[in-house]
Structure formats: C-alpha cells, structure tokens
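Hello,

Here is the structure for your files. My notes follow below it.

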Amino acid sequence: MRGDSNLDCAIALSTDLAAKNLLRQDGVFEQLVHVKCFSGNKDVEIECVREMDPNAAQIRINKEEDLVYRETRRDLIKEVIFKDDEGCFSMIVGLEPQSYNSQDMVFWTDGYDLAIYERLIQISEYEKRDDPEQEEVFQNEQSLPFVTTIVLWLSADPWPAAKNQRDLIRISKSLTMEIPDHPLNLIEPYALRDEELMEYGPEFGIVLVFIINSKDEDRLSDVLQNMNHTFRSCVSWRMI
C-alpha cells in the first residue's frame with residue numbers, strides 16, 4: 001500500500017511539474033488568460049506578459065521605516081498587459097496547478113491575492129514616504145492592478161472541494177450586512193465541453209484532453225489523435 005501511495009505521489013509531482021513548464025511559455029499563458037479571464041473576447045488584445053518571481057520577497061515596513069523581507073511562494077505568476085476599448089491595463093495573474101485536493105484552496109487563493117495587493121501598497125508607500133502630496137494616492141485613485149489566481153485541476157475527476165467560500169461558511173439568514181462573494185477561479189477539465197477545449201488552443205487544449213481521458217488508457221491515444229487533427233484544422237482555418 002505504501003508503494004502505491006509513493007507512486008501516486010511521484011506521478012502527481014511529475015504532472016504538476018510538466019504543467020508548470022508548459023504554462024511558463026508566454027504564448028500558452030496568454031491563451032489561457034484570454035479564455036479564462038476574458039471569455040475569448042476578440043476585442044481584448046493581450047500585448048505582453050512578464051514573468052514575476054514566484055518566490056519574490058514581500059516587502060513590509062516596520063516602525064523604523066526600514067524594509068523587512070518575507071517570502072511568498074507561488075507556482076507561477078505573471079504581469080499581463082492588455083488593451084480593450086477602454087484603453088491599456090495591467091493585471092497580475094497567478095496560476096496554481098493542483099494534482100491533489102486541498103479543502104481550503106478557496107481561502108488560499110484569496111490569501112495569495114491579498115498578499116500581492118499588500119505588497120504593492122507597501123512598496124508604493126515606502127517609495128513615496130518623503131512626498132507628502134502622494135500620501136493618499138490609494139484613497140483618491142484606482143491605481144492598483146487587478147490581481148487574481150487561477151487554479152488548474154490536474155485530474156479527470158470533478159473538483160471535490162468548495163468552489164466558493166460561502167460553501168464552507170454557515171451564514172445566518174438574520175444577517176443583513178453584505179456577505180462577500182469569493183468564488184474559486186477554477187479550470188476543471190471534467191466540466192469543459194469540446195468547444196471550450198478548442199478555445200484554449202492546441203498546446204494547452206491537448207493537455208486538457210489528456211487530463212480528461214487519463215483514466216481510460218485504451219481510448220486515450222485515439223482521442224488525442226482526433227483532437228490533435230481537429231486543433232490543427234482549426235489553426236489552419238484561422239490562418240486563411
């Protein structure tokens with residue numbers, strides 16, 4: 001039994017690593033963000049992505065106004081620059097490939113995002129501490145980039161944990177205050193239709209097809225061949 005457990009762990013780790021290496025490619029990352037964050041909207045153009053250090057120190061300021069460093073760990077995080085009909089925007093997108101279920105992932109992702117916001121604010125405050133005119137910059141302007149985390153479920157099974165913080169919290173109907181809604185930004189291969197798979201493009205789309213059919217080895221080869229042909233036909237058609 002222990003041997004089986006160790007083998008499962010090794011397979012999960014190798015799957016995790018393979019997914020991270022693929023998603024580190026800018027073109028694959030761009031396509032994933034374009035589909036997941038913008039529903040493939042053709043009026044949104046991603047200009048570029050810039051990889052950020054997933055283990056970058058988070059800057060804090062102590063009472064003496066000196067910099068103190070604290071590590072944060074992310075699987076993959078990039079700054080995304082995009083244009084739409086309102087202008088040019090910047091956003092920060094973290095990706096967390098998951099090969100095992102974590103019941104509190106819906107809280108983890110919020111923690112990741114809040115840590116980035118905290119870092120951005122504190123860096124700005126530190127840089128502007130000698131400029132009185134800039135003291136209330138975040139109170140008067142919408143100057144922070146949007147920050148989000150996308151979870152990629154590396155399993156053919158449905159996501160077995162909560163998809164929203166509300167699913168885990170007992171809330172009385174007597175509460176009249178506004179209750180925050182914190183959904184998990186999840187890519188769940190099991191739930192994707194064929195046309196949705198196509199939107200992710202050939203590189204990442206094939207990976208999703210592999211995940212969906214990973215439990216049926218006899219069928220997997222045929223499915224991958226068919227989908228690979230379909231993706232190529234789709235790409236050729238788009239290039240005409």
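Asn164 is buried, at a relative accessible area of 13% (buried means under 20%, exposed over 50%, partly exposed in between; 1.4 Å probe, protein chains only). This is a predicted model: local features need pLDDT of at least 70, side-chain atom pairs count only at pLDDT 80 or more, and totals for chains, interfaces and linings use all residues. Residues are numbered from 1 along each chain as its sequence is written, and side-chain values use heavy atoms, with hydrogens and water left out.

Asn164 sits in the loop between S6 and S7. Helices (H or I, at least four residues) and strands (E, at least two) are DSSP runs, numbered from the N terminus. A polar atom of the Asn164 side chain lies 3.0 Å from the backbone nitrogen of Arg166. Leaving aside neighbours within four places in sequence, Asn164 is in contact (heavy atoms within 4.5 Å) with Val106, Asp181, His182 and Pro183.

**The sheet**

The open sheet has 5 strands, in the order S1-S4-S5-S6-S7, with mixed pairing. Strands S1 (45-52) and S7 (186-187) are at the edges; each has a single partner strand, so one side of each lacks a neighbour in the sheet. Two strands pair if DSSP finds at least two bridges between them. S6 (residues 146-153) and S7 pair in the parallel sense over 2 bridges. Val151 has Leu186 in S7 as its bridge partner.

**Helix H2**

The buried residues of H2 include Val28, Phe29 and Leu32. Just after H2, Ser39 has a positive phi of about 55°.

Regards

Terms used
A polar contact is a pair of N or O atoms within 3.5 Å; within protein, one must be able to donate a hydrogen and the other to accept it, and residues adjacent in sequence count only if both atoms are side-chain atoms.
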